[in-house]
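This report describes the nonpolar core and the aromatic pairs of a predicted model. The structure is shown below.

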Amino acid sequence: MEMEAMIREYLEYSMSRQRRKKTLHSYEQALCMFSSWLQKDAGIHEVEQIRESVMRKYILILFSNRNGL
């Protein structure tokens with residue numbers, strides 16, 4: 001499944017759970033940043049291609065950016 005479709009589906013699900021607008025915006029922003037990184041830097045375009053190693057790499061990048069490394 002394409003990531004944009006999965007993000008939309010997740011946001012719709014979150015809306016049905018009555019999440020606040022700020023929360024939904026935060027989810028959307030974080031998921032879009034992750035999706036962009038996956039496509040541009042990891043060459044991944046389908047959700048089924050995401051593996052644990054890719055997730056770990058993204059988390060390390062987020063952590064290093066947060067700590068100014």
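## Nonpolar core

The largest nonpolar core consists of 7 residues: M3, F34, W37, L38, I44, V54 and Y58. At least two residues of this core come from each of α2 (21-41) and α3 (52-66). The greatest contribution is that of α2, with 3 residues.

## Aromatic pairs

A search of the whole structure finds 5 aromatic pairs. One of them joins Y10 and Y13 in a tilted arrangement, with 6.4 Å centre to centre and 40 degrees between the planes. Both residues lie in helix α1 (residues 3-16), where Y10 and Y13 are 3 residues apart, about one turn of the helix. Y10 is partly exposed, at a relative accessible area of 36%; Y13 is likewise partly exposed, at 46%.

W37 and Y58 also form a tilted aromatic pair, for which the values are 5.0 Å centre to centre and 50 degrees between the planes. Because W37 lies in helix α2 and Y58 in helix α3, this pair ties together parts that are 21 residues apart in sequence. W37 has a relative accessibility of 11% and counts as buried, because the cut-off is under 20%. Y58 counts as buried too, at 11% relative accessibility.

## Aromatic cluster

Which residues form one aromatic cluster? The members are Y10, Y13 and Y27. Two of these, Y10 and Y13, are the tilted pair described above.

Conventions
Residues numbered from 1 in each chain as written. Predicted model: local features only at pLDDT ≥ 70, side-chain atom pairs only at ≥ 80, totals over all residues. Heavy atoms only, no water. Core = buried A, V, L, I, M, F, W, Y, C linked by side-chain atoms within 4.5 Å. Buried < 20%, exposed > 50% of the residue type's maximum accessible area, 1.4 Å probe, protein only. Helix = DSSP H or I, 4+ residues; strand = E, 2+ residues; numbered from the N terminus. Phe/Tyr/Trp six-rings, centres within 6.5 Å; stacked < 30°, edge-to-face > 60°.
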